[in-house]
Amino acid sequence: MGFINLFTYEIIAQETPFIRRNCNKCKTNTEFYCSEKFRMNANQKIVDIWLIYNCIHCEGTWNYPILSRVNINKMDSKVIRKFMNNDKETVWYYAFQINKLRKLCNGVNTDIRFELRKEKLAILSNEITIKLCYKYDFGLRTDKLLAEIFGISRSKLKKLYQNGTILLNPNINIKSKVIDNLQITVIGDGTKLML
C-alpha cells in the first residue's frame, strides 16, 4: 500500500462581489463595489454600523447595514477597533455574506477573480488527495474548479466522478458549491491528471 499524495489548494478571492441595486444619483439599476470602509454613527452609547458601497458610474453610495442600535458597552473593544480601522478581514467577512446581500439588493455578482495557491505536502503513490481551503464563499462550483485544476472538460470530469476515479469527502454532488475543507481523492489512472 502506497503513501497518499496530499495537496492543499487555497482558493483566494482577488476581489469582493459586486452588488446590483438602484442608484439614487444615476436613477438606474446598476452595479456597486465595496469601498472597504465602514461608516459608524453613535448616538450617546448606541451605535449603528454600515459597510459602504459605491456606484461604479457616479460614486453614489449605498450603506449595507451591519449593526443597528447596539449598545457600545456590550461590544468587544477589539471588534470596535476593527470597524473603526476598516480592518480588511472584517470588511471581507461582511462583503461575502452573499445570502444577506441578496435580500437587500437586486442581485450579487459572484463571478469574481480568484487565485489558486497550491502547496504540496507529501509525495508518492497512485492515490492523490486534494484539500480545498475556501475562506470566502462566493458560490464557486466544484466541477468548474476541478476542471480548471485538472485542465479537462467538465464532461470528462463528470465521467471520472461517475466511475469512482474521483471521490469527494464529504460526499457531495460534483455540481455542488465548493465548501471549505472539501477533500477530493483521485485514484488509479486518474492520478495522471495531476502530473
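## Charge and salt bridges

The protein chain carries 31 positive and 18 negative side chains, and the centres of these two sets are 5 Å apart. The model is a predicted one. Six salt bridges are counted in it.

One of them joins the side chains of Glu89 and Lys135, with 3.6 Å from N to O. Glu89 belongs to helix H2 (residues 88-95), while Lys135 sits in the loop between strand S8 (127-134) and helix H4 (142-150), so this pair ties together parts that are 46 residues apart in sequence. Lys135 is exposed, its relative accessibility being 55%.

Another salt bridge links Arg117 and Glu115, at 3.7 Å from N to O. Both partners are partly exposed: Arg117 has a relative accessibility of 44%, and Glu115 has 32%.

## The chain as a whole

The protein chain holds five helices and ten strands. Its radius of gyration is 21 Å, whereas the globule rule gives 16 Å for 195 residues, so the chain is more spread out than a compact globule. Along the principal axes, the C-alpha atoms fill a box of roughly 65 × 40 × 25 Å.

Buried residues make up 40% of the 195 in the protein chain. The accessible surface is about 11,600 Å², and carbon and sulfur atoms account for 47% of that area. When contacts between residues at least 6 apart in sequence are taken, 64% of them join residues at least 24 apart.

Arg141 and Asp143 form a salt bridge whose closest N and O atoms are 2.6 Å apart. Salt bridges with shared partners bring Arg141, Asp143 and Arg154 into one network. Asp143 has 5% relative accessibility and counts as buried, because the cut-off for buried is under 20%.

Asp143 is one of the buried residues of H4; the others are Thr142, Leu145, Leu146, Ala147, Ile149 and Phe150. H4 is thus a mostly covered helix, with seven of its nine residues buried. In general, an α-helix has 3.6 residues a turn, so residues three or four places apart point the same way. After H4 comes Gly151, which has a positive phi near 70°.

## Two residues and their contacts

Thr90 is part of helix H2. With a relative accessible area of 13%, Thr90 is buried. Which residues does Thr90 touch, not counting those up to four places away in sequence? They are Phe38, Lys82 and Phe83.

Leu167 is found in strand S9 (residues 166-169). Unlike a buried residue, which has under 20% relative accessible area, Leu167 has 41% and is partly exposed. Apart from neighbours within four places in sequence, Leu167 has contacts with Gln183, Ile184 and Thr185. Leu167 and Thr185 are 18 residues apart along the chain, and their C-alpha atoms are 5.1 Å apart.

## Backbone details in the loops

Most residues other than glycine have a negative phi, and most peptide bonds are trans.

Pro170 lies in the loop that runs between S9 and strand S10 (183-187). Asn181 is placed in the loop between S9 and S10 as well. The relative accessible area of Asn181 is 39%, which makes it partly exposed.

Is Gln44 buried or exposed? Gln44 is exposed, with 77% relative accessible area.

Terms used: Residues numbered from 1 in each chain as written. Predicted model: local features only at pLDDT ≥ 70, side-chain atom pairs only at ≥ 80, totals over all residues. Heavy atoms only, no water. Helix = DSSP H or I, 4+ residues; strand = E, 2+ residues; numbered from the N terminus. Rg over C-alpha atoms; globule rule 2.2 N^0.38 Å. Buried < 20%, exposed > 50% of the residue type's maximum accessible area, 1.4 Å probe, protein only. Contact = heavy atoms within 4.5 Å. Areas by Shrake-Rupley, 256 points an atom, 1.4 Å probe, with all protein chains shown as cover. Lys, Arg positive; Asp, Glu negative; His and termini not counted. Charge placed at Lys NZ, Arg CZ, Asp CG, Glu CD. Salt bridge = Lys/Arg side-chain N within 4 Å of Asp/Glu carboxyl O.
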